[in-house]
Amino acid sequence: MSADLVSFPLAFGPLICGPIIFGGAPIGGLYAPVSDEAAARTLAAAWAAGIRAFDTAPHYGAGLSERRLGSFLAGYRREEFAVPTKVGRLLVPAAGDVQGEDGFYGIPPLTRVRDYSRDGVRRSLEESLGRLGLDRVDIALIHDPDEFMTQALDEAYPALAELRAQGTVRAIGAGMNSAAPLAALVERCDLDCVLVAGRYTLLDRSAEVDLLPLCLQRGVAVLAGGVFNSGILADPVPGARYDYAPAPSAVLARARLMRDACERHGVSLPAAALQFTLRHPAVTAAVVGVRAPEEIRADDGYLAAIVPDALLDELAGIT
């Protein structure tokens, strides 16, 4: 992967050494089942492309993403890669059919229970380490605490800070689809990074209001997920997803205007979308979900594409 599109904070560089982080939700069966063999081929393609950071979570396929990632990484030296995972959801035996639960398919018979308590955080991380086959993770993120902010602040954050001090994790932060709560966490906690999904894209720039400037000010690294807003900025066709659901007609129309503008410049829309997000000085890297080797190759092409600043400015003006 080309790494010349973004500069990385010196303190964070050892953890994230390129502009792309492998997003592990798709290999956990997001939207459709993925076989063990297909997941392994995709991870191998990512490694061959130079990707060395792999984001996962218990939520992704009820532990399936973590298990598959751990199986793949067992073949490499620990110092060669970085793994962010998340806390806030514990996995327990399910009473009924779980296929399609939270959008994941081909998953084990487990369901998720929210728990942002100190004990829940420690148990979550211990179980993640077991699935990953690792003795530590590099980054631990409080996952989607939107409705649990008080517990996240009072229990989950102090627990992660203690684990960071002990060396069980190297960096801590939070990962959410909402920018405002992340900004509140940055203001009140000593975080190393945040993962903001879908809130700094060509279609949604809400993170640039408060979160991104605050992170710049405080030296908090920003990992930007959902740069294609669940797929619509990769291919704005009828039925395309926007924020995990079928795109509203107005959003689809806006994405198509962006695609047309890109075509006039001889640039693909996904290349513009990825580079738009990476262009912000607060953004350390983009977390890009991948389910097949050809998507890795496509992402490499998007990074290598020449996208004029004038086009990115034009796209940002399409409302």
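Guide: The protein chain has 10 helices and 12 strands. Helices (H or I, at least four residues) and strands (E, at least two) are DSSP runs, numbered from the N terminus. This is a predicted model, in which local features need pLDDT of at least 70 and side-chain atom pairs count only at pLDDT 80 or more, while totals for chains, interfaces and linings use all residues. Residues are numbered from 1 along each chain as its sequence is written, and side-chain values use heavy atoms, with hydrogens and water left out.

Visitor: How do you know whether the radius of gyration of the protein chain agrees with that of a compact globule?

Guide: The radius is taken over C-alpha atoms, and the globule rule is 2.2 Å times the number of residues to the power 0.38. For 319 residues a compact globule would have a value near 20 Å; the protein chain has 18 Å, and therefore the two agree. The C-alpha atoms fill a box of roughly 55 × 45 × 40 Å along the principal axes.

Visitor: What makes helix α2 (residues 64–73) mostly covered?

Guide: Eight of the 10 residues of α2 are buried, among them L64, R68 and F72. The buried residues of α2 pack against α1 (36–48), β2 (54–55), β3 (84–87) and α3 (118–132). In the protein chain, 56% of the 319 residues count as buried.

Visitor: What makes a set of residues a nonpolar core?

Guide: Such a core is a set of buried Ala, Val, Leu, Ile, Met, Phe, Trp, Tyr and Cys residues joined through side-chain atoms within 4.5 Å. The largest one has 96 residues, and those with the most contacts inside it include F54 and L274; here contact means heavy atoms within 4.5 Å. Helix α4 (residues 149–166) supplies the largest share of this core, nine residues. Apart from it lies another core, of 15 residues, including A82 and V287.

How values were computed
Buried < 20%, exposed > 50% of the residue type's maximum accessible area, 1.4 Å probe, protein only.
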